[in-house]
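I opened my notebook for a first walk through this structure. Here is what I looked up, in the order I looked.

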Amino acid sequence: MKKTTLATLVGAAAFAAAGAANATIVVGGENGYEFSVDGNINQFFVQTDTEIQGGSGLDNSRVRNGLLPTFFGFNVKAPEINGLTVAARVSISPSTNGGSYFDESQNGNAMEQREAFATVDGGFGQIMLGKGLGLYSANNILLDQTLYGVGATLGGNGQTTLGRIGYGYDYADWRSQIRWTSVDMAGFKVALAVMDADEVGPAVGAASLEKDPRFEASVSYATAFDGGNFKVWLDGMTQEVDSAATGTIKSNAYTVGANLGIAGFDFVAAYYDNKGVGELGGLAFGTATDATGDERDGDGYYVQAGYNFGGSTWVKTSYGESELDLTSAENPGLSSLIENRNMWTVGVYHDVTSNLKLVAEYSKMEHEYHNSALSDDEVDVFALGGFISW
């Protein structure tokens with residue numbers, strides 16, 4: 001049994017977010033097969049102070065997961081045969097959150113499964129079959145500082161917090177898919193995937209709803225230079241769903257972003273534009289359209305800057321916002337939808353060891369409504385906690 005550092009960050013999510021693996025225990029057999037496990041347990045004290053419409057306040061103290069749930073992954077890798085390497089991964093995400101008889105949304109004792117996939121690698125690149133993180137918006141969330149923190153909360157509940165999902169980018173989500181990723185071509189990579197589509201619009205859950213495949217694609221370029229690194233990406237998605245009530249609902253989106261690391265500094269900037277996706281980065285499926293099925297437009301961005309002290313402590317700050325427009329048929333004065341969600345975050349992320357990370361983070365969320373008669377919401381989120389990983 002031996003330890004290796006793999007730096008294979010799996011990702012994150014919102015209501016039910018992702019996992020990360022930065023160290024793996026590998027067991028190898030004489031026949032060339034390898035079995036490994038990885039994962040993390042994270043826990044935070046989260047204080048949320050909320051001022052909502054009309055001036056009423058709500059203070060909420062929780063001991064809970066952050067944006068990442070706890071995570072336990074099992075990996076199998078076969079030896080190379082005829083130029084092909086076959087591998088598989090299955091992971092589980094048990095929650096550390098407490099439960100409540102009166103508030104089932106706290107997801108006490110919940111157990112989630114986000115990954116179950118196999119891969120085939122060869123001279124053609126990689127084929128992935130199964131359930132894993134989507135392509136669209138994956139880079140945005142993997143580079144977000146709140147991946148290892150808390151970020152936005154959803155009324156203090158949910159199995160995980162939101163991070164910056166819906167406050168600067170859409171949610172990549174964990175999707176059933178068939179994906180091809182090219183080999184590295186002097187820093188360029190291309191990935192194409194066909195996936196299960198989301199059920200969006202007022203017909204969500206309706207028996208009459210029919211789905212076409214969802215298509216996602218990603219093009220990226222990454223390079224390293226003396227004293228730094230640079231990456232740029234363009235991701236996109238498209239899908240259609242049909243229902244007897246609203247007809248065809250088309251969802252389309254793209255995101256473009258860049259990451260620069262130089263002389264201890266790290267910078268991220270990303271923008272997205274969508275149609276027929278909805279609030280909270282696509283997590284509020286019913287808000288993707290109006291009552292008749294017309295798609296709502298949305299867009300947003302986030303910027304982030306950080307500096308590394310002594311090789312083990314990151315201090316980072318970021319700002320992002322997401323907007324959701326009404327359709328031409330909707331009256332803002334009759335709407336209860338949030339037009340703009342924005343959030344500032346500042347955090348300190350300190351690696352005590354390669355297996356122990358401590359985090360202190362503050363986020364300020366603001367919500368502006370389409371209906372001018374509704375006052376803005378303001379939410380302050382303070383979080384202290386950390387990760388134990390393997």
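**Entry 1: cavities.** Before reading off any volume I wrote down the term: a cavity is a set of grid points where a 1.4 Å probe fits but cannot get out. I also noted that the model is a predicted one. How many cavities of 30 Å³ or more does the count give? It comes to two. The largest cavity holds about 130 Å³ of space. I then listed its lining, which has 17 residues, and those closest to the centre are Arg175, Asp198, Arg214, Val277 and Gly282.

Entry 2: Arg175 forms one with Asp198, and their closest N and O atoms are 3.0 Å apart. Arg175 sits in strand 9 (residues 174-181) while Asp198 sits in the loop between strand 10 (188-195) and strand 11 (210-211), so this pair ties together parts 23 residues apart in sequence. Are these two buried or exposed? Both Arg175 and Asp198 are buried.

Next I looked up Glu216, which forms a salt bridge with Arg214, with 2.7 Å between the closest N and O atoms. Glu216 and Arg214 are both buried too.

**Entry 3: a salt bridge between strands.** I moved on to Lys275, whose salt bridge partner is Asp297, the closest N and O atoms being 3.1 Å apart. Lys275 belongs to strand 15 and Asp297 to strand 16, so the pair ties together parts that are 22 residues apart in sequence. Lys275 counts as partly exposed because its relative accessibility is 33%, a value between the 20% and 50% cut-offs. Asp297 is partly exposed as well, with a relative accessible area of 34%.

Entry 4: Lys275 made me curious about its strand, which covers residues 265-275. Which residues are on its covered face? I noted Asp266, Val268, Ala270, Tyr272 and Asn274 there. The uncovered face has Phe265, Phe267, Ala269, Tyr271, Asp273 and Lys275.

On one side I traced strand 14 (residues 247-262), which runs antiparallel to strand 15 and is joined to it by 11 bridges. Lys275 turned up again here, as the bridge partner of Asn252. The hairpin of these two strands has two residues between them, and Ala263 takes a positive phi near 50° in that hairpin. I also followed strand 15 to strand 16 (residues 297-309): the two run antiparallel with 11 bridges. Ala270, from the covered face, has Tyr302 in strand 16 as its bridge partner.

**Entry 5: strands 17 to 19.** Further along, strand 17 (residues 313-324) is joined to strand 18 (residues 338-353) by 11 bridges, and they run antiparallel. I marked Ser322, whose partner in strand 18 is Arg341. How many bridges join strand 18 to strand 19 (residues 356-369)? I read 14, again for an antiparallel pair. His350 has Leu358 as its partner in strand 19, and a hairpin of two residues connects the two strands.

**Entry 6: positive phi values.** Most residues other than glycine have a negative phi, so I looked for exceptions. Asn82 has a phi near 55° and lies in the loop between strand 5 and strand 6 (85-94). Asn82 counts as exposed because its relative accessibility is 76%. Ser137 has a phi near 75° and is found in the loop between strand 8 (125-133) and helix 1 (138-142). Is Ser137 buried or exposed? At 1% relative accessibility, Ser137 counts as buried.

**Entry 7: the surface.** My last stop was a nonpolar surface patch of about 590 Å², made by Val27, Tyr33, Phe35, Phe74, Val76, Ile92 and Met111. I picked out Phe74, which is in strand 5 (residues 71-77) and is partly exposed, with a relative accessible area of 32%. I also checked Val219, in strand 12 (residues 214-225), which counts as partly exposed at 42% relative accessibility.

Definitions and conventions
Residues numbered from 1 in each chain as written. Predicted model: local features only at pLDDT ≥ 70, side-chain atom pairs only at ≥ 80, totals over all residues. Heavy atoms only, no water. Buried < 20%, exposed > 50% of the residue type's maximum accessible area, 1.4 Å probe, protein only. Helix = DSSP H or I, 4+ residues; strand = E, 2+ residues; numbered from the N terminus. Pairing = 2+ DSSP bridges. Patch = residues over 30% accessible without salt bridge, like charges linked within 9 Å, V, L, I, M, F, W, Y side chains within 5 Å. Areas by Shrake-Rupley, 256 points an atom, 1.4 Å probe, with all protein chains shown as cover. Salt bridge = Lys/Arg side-chain N within 4 Å of Asp/Glu carboxyl O. 1 Å grid on protein atoms, 1.4 Å probe; cavity = no way out; pocket = protein on both sides within 12 Å on 5 of 7 lines; lining within 4 Å. Points joined across faces, edges and corners; volume = space filled by probe spheres on them.
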